[in-house]
Amino acid sequence: PHLLGKSFSAIETFIDKLRYPLDIAKHNELIDSGISDVRRYGRYIVIECENLSGIIMHLGMTGQLKILDSKN
């Protein structure tokens, strides 16, 4: 519920040793598109945007997703 109606202003990855490399620059359609739905499937979070693009995140070992204020 914290994400509904909000949008991504930037997307960053902090882990270089991922199983599959991510090229976030190819996915500019996620930036500034409003978030219309957020669902959880097991350890996955699915975020759907108003322009029908989306992002799937795996919660990893902790099972947590942290939402920080943009000032941090």
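The following dialogue explains how to read the features of one predicted protein model.

Visitor: On what conventions does the description of this model rest?

Guide: Residues are numbered from 1 along each chain as its sequence is written, and side-chain values use heavy atoms, with hydrogens and water left out. Because the model is predicted, local features need pLDDT of at least 70 and side-chain atom pairs count only at pLDDT 80 or more, while totals for chains, interfaces and linings use all residues.

Visitor: How many helices and strands does the protein contain?

Guide: Helices (H or I, at least four residues) and strands (E, at least two) are DSSP runs, numbered from the N terminus. In this protein there are 0 helices and 3 strands, in the order β-β-β from the N terminus on.

Visitor: How do the strands pair, and in which sense do β2 and β3 run?

Guide: Two strands pair if DSSP finds at least two bridges between them. Strand β1 (residues 35-41) and strand β2 (residues 44-49) run antiparallel and are joined by 6 bridges. Within this pair, Asp37 has Glu48 of β2 as its bridge partner, and Val38 stands opposite Ile47. Strands β2 and β3 are likewise antiparallel, with 5 bridges; Val46 has Ile56 of β3 as its bridge partner.

Visitor: Are Leu52 and Asp32 buried or exposed?

Guide: Buried means under 20% relative accessible area, exposed over 50%, and partly exposed in between (1.4 Å probe, protein chains only). Leu52 counts as exposed because its relative accessibility is 72%, and Asp32 counts as exposed at 60%. Of the 72 residues of the protein, 18% count as buried.

Visitor: Where is Ser33, and what does its side chain contact?

Guide: Ser33 lies in the segment before β1 and is buried, since its relative accessibility is 8%. A polar contact is a pair of N or O atoms within 3.5 Å; within protein, one must be able to donate a hydrogen and the other to accept it, and residues adjacent in sequence count only if both atoms are side-chain atoms. The side chain of Ser33 makes such a contact with the side chain of Asn51, at 3.3 Å.

Visitor: How many salt bridges does a search of the whole structure find?

Guide: A salt bridge is a side-chain nitrogen of Lys or Arg within 4 Å of a carboxyl oxygen of Asp or Glu. The search finds 2 salt bridges. Arg39 forms one with Asp37, the closest N and O atoms being 2.6 Å apart, and Arg39 also meets Glu48 in a salt bridge of 3.4 Å, N to O. Arg39 is partly exposed at 27%, as are Asp37 at 28% and Glu48 at 27%.

Visitor: Which residues make a nonpolar surface patch?

Guide: Patches are made of residues with over 30% relative accessible area and no salt bridge: like charges are joined within 9 Å, and nonpolar side chains (Val, Leu, Ile, Met, Phe, Trp, Tyr) within 5 Å. Accessible areas come from the Shrake-Rupley method with a 1.4 Å probe; for residues, only the protein chains shown count as cover. In this model, Tyr41, Tyr44 and Ile56 make a nonpolar surface patch of about 350 Å². Ile56 belongs to strand β3 (residues 54-58) and counts as exposed because its relative accessibility is 60%.
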